[in-house]
Amino acid sequence: MREKYIVGNWKMNHKQEDISKFFEVFSKTTVGKNCHAWVAPQAIHLPFVLELSNKKCNGKLLVGGQNCCYEKSGAYTGEISPEALKDIGATFVIIGHSERRAIYKEQNSELCKKSSAALSCGLQVIFCVGETLEERESGKTEKVIAQQIIEGIKPLDKKSLQNIIIAYEPVWAIGTGKTATPSQAEDVHKFIRTLWEKEGLPNAHDLIILYGGSVKPANIGELMAQKNIDGALVGGASLKGEDFSALTIAN
Ligand code: PGA
């Protein structure tokens with residue numbers, strides 16, 4: 001049975017008190033045998049979350065960043081250094097979330113540089129791809145995703161690709177309550193795995209592909225039952241310990 005990865009993307013939410021409450025609940029949770037639980041708090045909370053995770057969770061919750069700079073360190077005021085992320089104990093970073101692409105106009109070429117910097121610092125990269133509603137309705141889903149992968153991932157050093165995870169997040173399903181149906185998601189996941197192989201990228205069979213977009217305890221089961229879905233990137237339903245626990249117990 002393939003292992004599952006449930007990754008909470010906390011976005012720009014939570015005060016320290018909310019995080020403490022999350023840990024009160026999650027620390028008592030027994031994560032499913034085949035499940036890895038990860039969370040990405042906002043950068044300012046990383047040390048606090050790492051400390052609580054170490055103290056209360058005994059290694060069962062890995063912690064990562066939501067974004068990083070395309071350089072390892074240096075004169076980039078206000079940026080997040082991938083080297084510093086690794087140094088404080090983060091194990092992964094999310095790159096190219098649709099909010100970064102849409103609001104901050106991040107392009108595939110820049111996301112490729114960010115991924116390269118993060119990988120060279122020893123972080124795993126969750127690289128997000130996904131189409132807008134307009135793109136889906138005009139039949140461009142596969143074209144858009146292929147371009148995101150060919151421009152964002154293919155130029156990277158092949159050896160480092162074992163540390164890349166793909167998150168398929170249809171933009172129209174993020175924070176909207178509209179989840180892709182399990183078969184819509186499975187179709188795109190299968191397309192990504194096939195594309196990976198076709199483009200000569202290594203280990204297509206082992207590539208971890210997460211689904212994201214309005215995943216919650218009520219719909220996770222049918223999504224995770226799909227052959228090519230290896231986990232979920234979860235926003236809203238990862239914020240509260242109760243919901244996140246339910247997602248990780250189920251897998
Ligand atoms: P959502 O967000 O679960 O709130 O739809 C998912 C994401 O943005 O990663």
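This is a predicted model: local features need pLDDT of at least 70, side-chain atom pairs count only at pLDDT 80 or more; totals for chains, interfaces and linings use all residues.
## Around the ligand

Let's start with the ligand and its neighbours. The shell around the ligand holds 13 residues, and the ones that come nearest are K11, H97, E169, G175 and S214. Sorted by type, the shell has seven polar residues, four nonpolar ones and two charged ones.

With G175 it's the backbone instead, where an N or O atom sits 2.6 Å from a ligand oxygen. S214 also brings in its backbone, with a polar atom 2.7 Å from an oxygen atom of the ligand. On its own, the ligand has 280 Å² of accessible area, and the protein covers 95% of that.

Next up is β5, the strand made of residues 124–129. Is this strand mostly covered or mostly open? Mostly covered, with five of its six residues buried.

β5 pairs with β4 and also with β6. Strand β4, residues 92–95, runs parallel to β5, and four bridges link the two. Here V93 stands opposite V125 of β5. Strand β6, residues 164–168, is paired with β5 in the parallel sense too, this time over five bridges. In that pairing, C128 faces A167 of β6.

As background, side chains in a regular strand alternate between the two faces of the sheet.

## T141, a buried residue in a helix

Now for a helix. T141 belongs to α7, which spans residues 141–152. Why does T141 count as buried? Its relative accessibility is 10%, and buried means under 20%, so T141 falls in the buried group.

Which residues does T141 touch, leaving out those up to four places away in sequence? They are E131, E135, R136, Y168 and V188.

## K21, a partly exposed residue

K21 sits in another helix, α1, which covers residues 16–26. Because its relative accessibility is 47%, between the 20% and 50% cut-offs, K21 counts as partly exposed.

K240 is 219 residues away in sequence, yet the C-alpha atoms of K21 and K240 are separated by 8.0 Å.

How values were computed: Residues are numbered from 1 along each chain as its sequence is written. Side-chain values use heavy atoms; hydrogens and water are left out. A residue is near a molecule or strand if one of its heavy atoms lies within 4 Å of it. A polar contact is a pair of N or O atoms within 3.5 Å; within protein, one must be able to donate a hydrogen and the other to accept it, and residues adjacent in sequence count only if both atoms are side-chain atoms. Accessible areas come from the Shrake-Rupley method with a 1.4 Å probe; for residues, only the protein chains shown count as cover. Ala, Val, Leu, Ile, Met, Phe, Trp, Tyr, Cys and Pro count as nonpolar, Asp, Glu, Lys and Arg as charged, and the others, Gly among them, as polar. Buried means under 20% relative accessible area, exposed over 50%, partly exposed in between (1.4 Å probe, protein chains only). Two strands pair if DSSP finds at least two bridges between them. Contact means heavy atoms within 4.5 Å.
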